[in-house]
Amino acid sequence: MSSDPMGVRRREFLTQAASASALVLVSPAFLPAALPQSRRIRVGLIGCGSVSRMYLPHLTKSPHVEVVSLCDRKSERAASRGDEFQIAARYDSIEQMLGGEPFDLLVNLTDMQEHGKLNRTALLADRHVWSEKPLANTYREGKSLLELAKQRGKRIWGAPAVVNSPQFAEMARLLRDGRLGRVAAAHAHYGHTGPSWSAFFYEEFGGSLPDLGVYNLATLTGLLGPAKSVVAMTSIITPTRTVDDKGKIEVQAEDNAMVLLEHQNGVLSHVQCGFNYFDPYGHEGDGQDRPTISIWGSRGTMHMIGYDWAPFAVELATVEQPAPVRLATDTADYVWEEGASVIAKHMLAESEPLISAHHALHVLEIMEAARDSQTSGQRVTLESTFSWPIIRP
Ligand SMILES: NC(=O)c1ccc[n+]([C@@H]2O[C@H](COP(=O)([O-])OP(=O)(O)OC[C@H]3O[C@@H](n4cnc5c(N)ncnc54)[C@H](O)[C@@H]3O)[C@@H](O)[C@H]2O)c1
């Protein structure tokens, strides 16, 4: 989402169920230091731009979080969000923030190009990190962040939070139970006409893949398992744009992408994303009733209805029940901006969330591989993987 999207739902039953099963799987070395149950996770939030308008109302209502400081290099932004949400400590730089009001978890909502550097600085200062996507600008940088976190006994997690939705869980259960027969293929798409406020979306290491395709890649790998290889084409459809912070700019990053993924057992999937998609339902998808994720198997087909960051149903048709039925129509309390508050909840409970750093790193490697495939014209083999399936019985 690259403007304020709808978001009114959040779900706890699944994260609780998953954390119970995941506890068995987690190495104690990765667990955060024990935190008293009565306290809240103290959050320092950096980047008080557009997305903070969604994060701050959510975080300041969370029973697991206390937002203690704000930071933005545009100091008036931290000041105005601070006034709005009664957060007294405001800083212009991460160094000042780390030396100021103590906090446990950095919530990083800055420009995509700043994430790797700021996440590293926070880990080196012994803070846990929740990062908006992407976790870092390159796969290599992302891997080094995970290694650093391990060395420091800290944790890092990255958006998106798509694996937390009840619709993701429903689709994962249907796959697990074999309702689609032999799974063969999947498709996902997400696009709009592009953000208008900040140039970074169009500069090097920006682009529609890390801003939009990232959701679909997390969903498809989350449902079908880690990808083994990638073939992609990317292009620039709109070579110049006018944005609020820099006026007229040359677009450097792709604004149009088609990515093919090879998963295990011959399953193939496809993601398309771009900043040149007219959406008759608007960016927030109000009133839309169409799938954005589809999966086909030998005995069934299913679709996720709505965007994968805010889905509201799953549609299933099978050999036994060919007329499509709507499932998982309850969105519970899942909202796409819940990532950091869910992480805080799990830090307090010393349990594992569904969202994992290794999954975010895998998605980062796919996005880099897509760019490499466009440059070289070749298929790119991936090395990363993550613990899968995400939803366990
Ligand atoms: N806007 C949305 O709806 C949305 C939705 C989901 C995810 N995101 C993601 O959130 C992140 C931020 O997007 P945005 O739309 O809020 O951008 P934005 O330009 O509106 O805000 C970014 C803010 O970060 C600040 N900043 C940048 N570097 C900094 C640094 N080194 N130190 C301190 N402050 C710094 C900028 O001054 C700016 O205020 C991106 O990763 C984006 O992909 C945005």
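Helix α8 is mostly covered, with 17 of its 17 residues buried (20 or more other C-beta atoms within 10 Å of a residue's own, C-beta atoms being placed from the backbone). Keep in mind that this is a predicted model: local features need pLDDT of at least 70, side-chain atom pairs count only at pLDDT 80 or more, and totals for chains, interfaces and linings use all residues. Numbering starts from 1 along each chain as its sequence is written. Helices (H or I, at least four residues) and strands (E, at least two) are DSSP runs, numbered from the N terminus.

**Helix α8**
- Gly225 follows α8 and has a positive phi, near 100°.

**The sheet**
- Six strands make an open, parallel sheet in the order β3-β2-β1-β4-β5-β6, where pairing takes at least two DSSP bridges.
- β3 (89-91) and β6 (156-158) are the edge strands, each with a single partner, so one side of each lacks a neighbour in the sheet.
- Strand β2 (residues 65-71) pairs with β3 in the parallel sense over 3 bridges, and Cys71 has Tyr91 in β3 as its bridge partner.

**Helices on the sheet**
- Helix α3 (residues 75-85) packs on the sheet and touches β2 and β3 (contact means C-beta atoms, placed from the backbone, within 7 Å).
- The direction of α3 makes about 155° with that of β2; axes are lines fitted to C-alpha atoms, for helices over the stretch in contact, and angles run from 0 to 180 degrees between N-to-C directions.
- Helix α5 (residues 115-124) also packs on the sheet, touching β1 (41-46), β4 (105-108), β5 (128-131) and β6, at about 160° to the direction of β5.

Technical notes
Two residues are in contact if their C-beta atoms, placed from the backbone, lie within 7 Å. A residue is buried if 20 or more other C-beta atoms lie within 10 Å of its own, exposed if 12 or fewer, and partly exposed in between; C-beta atoms are placed from the backbone.
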